[in-house]
Amino acid sequence: MMTTPTDTPMGKITTTLTITNRIDAGAAQRSLIPVEQVRTITLENVLVDTGATTLCLPTSAIAQLGLELLKEVDVATANGFSKARIFRDASISLLGREGTFECLELPGSRDALLGVIPLEALGIELDLKNQKLKLLPEESMDTYLTIL
């Protein structure tokens with residue numbers, strides 16, 4: 001599902017993204033916790049950002065999901081280099097496709113960003129002219145999945 005406000009500038013794409021703690025989901029599948037305890041959030045107006053490498057979430061979203069810290073890294077930003085924390089096991093659902101990714105913590109209350117790695121892994125590309133996301137084929141000779 002995608003939102004495209006009429007006042008959105010040309011080339012800016014936002015979407016609705018559902019994110020689940022993959023560890024919780026696995027525990028619920030194995031009946032270790034009730035399904036109601038699986039931590040999931042839905043974020044509206046997530047900016048699809050080709051300048052971002054991965055999924056980027058605000059601290060509050062990471063806390064709600066209870067994601068585990070993986071590592072601290074140096075990141076390049078518009079303001080130079082800084083330290084950032086990477087969290088693991090964020091399972092995203094977008095346009096009927098699902099995948100699990102690391103996510104970078106955005107300090108403060110900045111809005112979530114969806115970068116190129118999750119988009120490529122899910123077979124989703126940007127249609128900037130029409131301001132929407134486009135699913136690439138998963139089947140037949142036109143599949144986006146390749147092994148070379």
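These legends describe close-up views of a predicted model. Residues are numbered from 1 along each chain as its sequence is written, and side-chain values use heavy atoms, with hydrogens and water left out. Local features need pLDDT of at least 70 and side-chain atom pairs count only at pLDDT 80 or more, while totals for chains, interfaces and linings use all residues.

**View 1. The protein as a whole.** The protein has three helices and 10 strands, in the sequence pattern β-β-α-β-β-α-β-β-β-β-α-β-β. Helices (H or I, at least four residues) and strands (E, at least two) are DSSP runs, numbered from the N terminus. Of the 148 residues, 39% are buried; buried means under 20% relative accessible area, exposed over 50%, and partly exposed in between (1.4 Å probe, protein chains only).

**View 2. Helix H1 and its ends.** In H1, the buried residues are Asp24, Gly26, Ala27 and Ala28. Strand E2 (14-21) is what the buried residues of H1 pack against. At the start of H1, a side-chain oxygen of Asn21 comes to within 2.9 Å of the backbone nitrogen of Ile23. Ser31 follows H1 and has a positive phi, near 60°.

**View 3. Asp24 and its surroundings.** Asp24 belongs to helix H1 (residues 22-29). Asp24 counts as buried because its relative accessible area is 8%. Its side chain makes a polar contact of 2.7 Å with the side chain of Arg39. A polar contact is a pair of N or O atoms within 3.5 Å; within protein, one must be able to donate a hydrogen and the other to accept it, and residues adjacent in sequence count only if both atoms are side-chain atoms. With neighbours within four places in sequence set aside, Asp24 is in contact (heavy atoms within 4.5 Å) with Ile33, Gln37, Val38 and Arg39.

**View 4. The largest pocket.** A pocket is an open set of points on a 1 Å grid over the protein atoms alone, where a 1.4 Å probe fits, with protein on both sides within 12 Å along at least five of seven lines; lining residues have an atom within 4 Å of a point. The largest pocket is lined by 21 residues, and Val75, Ala76, Thr77, Leu104 and Leu106 lie nearest its centre. Strand E5 (68-77), strand E6 (80-94) and strand E7 (97-106) are the elements that each give two or more residues to this lining. E5 supplies the largest share, four residues.
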